[in-house]
Amino acid sequence: MSEPADVATRPSLRKPAHWPMYLALVVMVAAGRLPWLLQRALGRGIGWIAFHVAGTRRHAAEVNLRLCFPEQDDAWRARLLRDSFDALGVGLFEFARAWWGSIEAIRPRVRIEGLEHLRALQAEGRGVLLVSGHFMTLEMCGRLLCDYVPLAGMYRRHRNPVFEWAVKRGRLRYAQAMFANEDLRATIKHLKKGGFLWYAPDQDMRGKDTVFVPFFGHPAATITATHQLSRLTGCAVVPYFHRREGGDYILRVGAPLPGIPSDDAVADTAQVNAAIEDMVREAPDQYLWIHRRFKRQPGGGPKLRMYQ
């Protein structure tokens with residue numbers, strides 16, 4: 001298969017600085033082609049190791065779980081913490097399989113719900129911004145959704161040029177296009193032409209266009225790009241939830257979020273956060289809890305220091 005036209009030239013193998021990442025890529029490509037049952041077993045093993053060695057990230061996850069599930073007891077949160085690291089390990093193999101492996105054995109085990117919402121918007125020629133959260137199934141389920149609708153994605157550029165090239169090349173095996181966060185003009189053009197775009201706005205991007213809106217009842221710095229893109233293009237904002245159940249995958253597309261875009265960026269952003277929170281409550285073990293979601297607070301509140 002020829003390389004997609006918008007993939008950058010492969011970084012030179014002659015530069016020794018690139019060799020460690022190329023070696024890591026060889027391992028990831030090989031891991032992506034292992035049998036699925038073996039991938040899941042190895043993934044849980046990697047999750048166990050990460051739980052014990054990634055102390056800073058484990059602490060961040062512990063803080064997040066205390067903030068988001070105060071109604072649960074310590075034992076419940078401890079089980080969820082361990083389960084989330086298991087999902088993290090399995091998710092690494094899902095990423096590798098989605099980018100470089102085969103999903104033929106997985107396709108029969110997919111259940112998709114709400115596809116009629118996308119079909120209706122597609123018939124109207126209206127662009128769609130599919131909003132989701134950072135679940136460990138996001139890459140695999142993104143590839144699976146591409147079996148049903150043409151889908152582009154947004155991503156944050158990687159500093160390492162080898163990894164940037166490899167990830168983009170892997171995603172463009174199935175995605176229609178990939179837009180970096182700063183590629184605003186190309187993103188707007190895609191949506192105005194009726195394109196579908198996957199986007200996860202549930203992390204603190206530390207950009208200028210952020211507002212503090214509730215996430216699990218706590219202020220969370222959240223980018224307003226969902227509101228802005230909808231306002232500039234007229235696209236529908238559609239919640240997209242995905243999870244793994246054993247060896248099966250559930251993809252669920254919701255109805256467009258009502259009233260977006262409004263004249264109130266804060267209200268629109270809060271509605272998106274509420275939709276993502278509902279997704280997290282349904283599959284909390286598969287959410288990426290190691291991100292320090294509440295580190296920035298209005299005026300530097302006490303939760304800022306809890307991660308330290």
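Asp74 and Arg77 both belong to helix α4, where three residues, about one turn of the helix, separate them. An α-helix has 3.6 residues a turn, so residues three or four places apart point the same way. In this predicted model, Asp74 and Arg77 form a salt bridge, and their closest N and O atoms are 2.6 Å apart. The two partners differ in cover. Asp74 is exposed, because its relative accessible area is 58%, above the 50% cut-off. Arg77 has a relative accessibility of 12% and therefore counts as buried, the limit being under 20%.

A second pair within a helix is found in α10, which covers residues 265–282. Glu277 and Arg281 are four residues apart there, so about one helical turn separates them. Their side chains meet in a salt bridge, at 3.0 Å from N to O. Glu277 is buried, with 15% relative accessibility, whereas Arg281 is partly exposed at 42%.

The side chains of Asp183 and Arg157 meet at 3.5 Å, N to O. This pair links distant parts of the chain, 26 residues apart. Asp183 lies in the loop between β4 (178–180) and α8 (184–192), and Arg157 in the loop between β3 (152–155) and α7 (161–171). Asp183 is partly exposed at 24% relative accessibility, and Arg157 is also partly exposed, with a relative accessible area of 40%. Both residues belong to a network of salt bridges that also includes Glu164 and Glu182. For the model as a whole, the count comes to 15 salt bridges.

Glu164 leads on to helix α7, where it is one of the buried residues. Nine of the eleven residues of α7 are buried, so the helix is largely enclosed by the rest of the structure. Among the buried ones are Val162, Phe163, Trp165, Ala166 and Val167, together with Lys168 and Arg171. The elements that cover these buried residues include the helices α1 (19–32), α4 and α6 (138–145), as well as the strands β3 and β4.

The interior can also be described through its nonpolar side chains. In soluble globular proteins, nonpolar side chains tend to be buried together. The largest nonpolar core here has 93 residues, and Leu118, Leu130 and Trp289 touch the most other members. Helix α4 (residues 74–100) gives the most to this core, with ten residues. Trp289 has contacts beyond its neighbours within four places in sequence, including Ala60, Ala61, Leu65, Cys68, Phe69, Phe216, Val280 and Pro284. Asn64 and Ser84 are also in contact with Trp289.

Some nonpolar residues lie on the surface instead. Trp48, Ile49 and Val53 form a nonpolar patch there, with about 330 Å² of accessible area together. Trp48 is placed in helix α2 (residues 36–53). This residue counts as partly exposed because its relative accessibility is 46%.

The average pLDDT of the protein is 93, and 95% of the residues score at least 70. Over residues 1–5 the pLDDT is below 50, and this stretch has five contacts in the model beyond near neighbours in sequence. Where pLDDT is low, the predicted coordinates should not be read in detail.

How values were computed:
Residues numbered from 1 in each chain as written. Predicted model: local features only at pLDDT ≥ 70, side-chain atom pairs only at ≥ 80, totals over all residues. Heavy atoms only, no water. Patch = residues over 30% accessible without salt bridge, like charges linked within 9 Å, V, L, I, M, F, W, Y side chains within 5 Å. Areas by Shrake-Rupley, 256 points an atom, 1.4 Å probe, with all protein chains shown as cover. Salt bridge = Lys/Arg side-chain N within 4 Å of Asp/Glu carboxyl O. Helix = DSSP H or I, 4+ residues; strand = E, 2+ residues; numbered from the N terminus. Buried < 20%, exposed > 50% of the residue type's maximum accessible area, 1.4 Å probe, protein only. pLDDT = per-residue confidence, 0-100. Contact = heavy atoms within 4.5 Å. Core = buried A, V, L, I, M, F, W, Y, C linked by side-chain atoms within 4.5 Å.
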